[in-house]
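I opened my notebook to record what I looked up in this structure, one entry at a time.

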Amino acid sequence: MSGPVVVGVDGSRSNLAVVEAAAREAERLGVGLELTQAVGWPAGDGWSGIPSWEMGRTGGHASKGAMAEAERRARSAAPGVRIAREVLVGEPGTVLEGESRTASLTVVGTNGTRRYGTLRNGSLAGHLSARVSGPLLVVRGRPNPVGPVLLVAHGTSTLRAAAEFAFAEASARGADLVAVQLRNISAARPNGGSAHAATADGADVALAGALSELREQYPDVTVRCRRLRGRSRRALVEASEDSQLLVVGVRDRFRFARLPLDPVCQTVLHEADCPVALVRC
């Protein structure tokens with residue numbers, strides 16, 4: 001990954017913690033940091049993603065002040081990181097979706113903003129979760145700075161990319177990696193019995209294979225495995241309480257078809273007690 005870490009800037013106090021988290025991620029990845037702010041269009045105009053000066057309007061002193069403070073906090077968190085600023089016209093979700101195409105990582109908080117742009121469809125994190133290209137880091141909860149990186153394994157199709165991201169993060173953070181194998185995250189399943197058991201066995205084999213291969217690539221990372229059984233929404237959220245990061249894979253078809261996220265991703269996005277990385281698979 002050579003593109004920058006892209007973080008949305010909205011001028012709020014809570015957003016500064018998101019900017020700091022993004023700066024530290026850029027430092028871990030050895031890439032630059034792009035501070036991106038969306039400025040709303042006048043009613044009736046529809047273009048998006050162009051520099052604000054091309055429209056002849058800027059976010060004014062408030063926008064400039066927000067960017068300056070965000071850059072100050074980013075430099076304090078990661079003094080050696082290269083920082084660029086982008087003030088673009090459009091809704092925050094659309095702007096960040098576009099910027100994510102060349103990003104190593106896109107970083108947002110849990111709440112959308114209406115201060116400089118608009119966001120009509122819920123939170124910014126929710127909007128981007130099924131649309132962003134590449135990994136998305138949602139800064140939320142109360143992370144344990146000395147806790148493990150939590151890898152949530154909930155299907156073979158999303159496992160490899162999520163595991164690679166989780167190992168890289170654990171290595172960069174000097175943290176252990178805890179792989180959590182889920183059995184049933186939904187409220188109910190129409191089928192059960194032997195078919196479910198066969199699926200579970202296949203998931204176990206896939207997880208063991210992915211962990212074995214990546215252990216050789218990251219010998220500095222200590223790996224532990226846990227299994228959550230039954231209706232495990234609550235257990236998954238509880239597992240996040242002692243973690244510094246939770247990593248989960250997202251099927252790419254959700255982005256192209258604009259489908260709702262699966263129950264696992266929805267659970268961690270809205271309820272996890274630590275930052276969540278959604279990794280496109």
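The entries below go through a few strands, a loop residue and a helix.

**Entry 1: ground rules.** I am reading a predicted model, in which local features need pLDDT of at least 70 and side-chain atom pairs count only at pLDDT 80 or more, while totals for chains, interfaces and linings use all residues. Residues are numbered from 1 along each chain as its sequence is written, and side-chain values use heavy atoms, with hydrogens and water left out.

**Entry 2: strand β5.** I looked up burial, where buried means under 20% relative accessible area, exposed over 50% and partly exposed in between, with a 1.4 Å probe and protein chains only.

**Entry 3: the neighbours of β5.** I then looked up pairing, which requires that DSSP finds at least two bridges between two strands. Strand β1 (residues 5–8) pairs with β5 in the parallel sense over 3 bridges, and there V5 has L105 as its bridge partner. β6 also pairs with β5 in the parallel sense, over 4 bridges, and T106 stands opposite L136 of β6.

**Entry 4: S104.** In the loop between α3 (92–99) and β5 I found S104, which is buried with a relative accessible area of 3%. I noted that its side chain reaches the backbone oxygen of G3 at 2.5 Å.

**Entry 5: strand β11.** β6 (residues 136–139) and β11 run antiparallel and are joined by 3 bridges. On β10 (residues 245–250) I saw parallel pairing with β11 over 5 bridges, in which G249 has V279 as its bridge partner. For β11 itself (residues 276–280), 5 of its 5 residues are buried; V276, L278 and R280 point one way, A277 and V279 the other.

**Entry 6: helix α7.** Last, I checked α7 (residues 233–240), where L236, V237, A239 and S240 are buried. Seen down the axis of α7, these buried residues fall within an arc of 160 degrees (taken from the directions from the helix axis to the C-beta atoms), so they line one face of the helix.

Key
Helix = DSSP H or I, 4+ residues; strand = E, 2+ residues; numbered from the N terminus. Polar contact = N/O pair within 3.5 Å; in protein donor to acceptor, adjacent residues only side chain to side chain.
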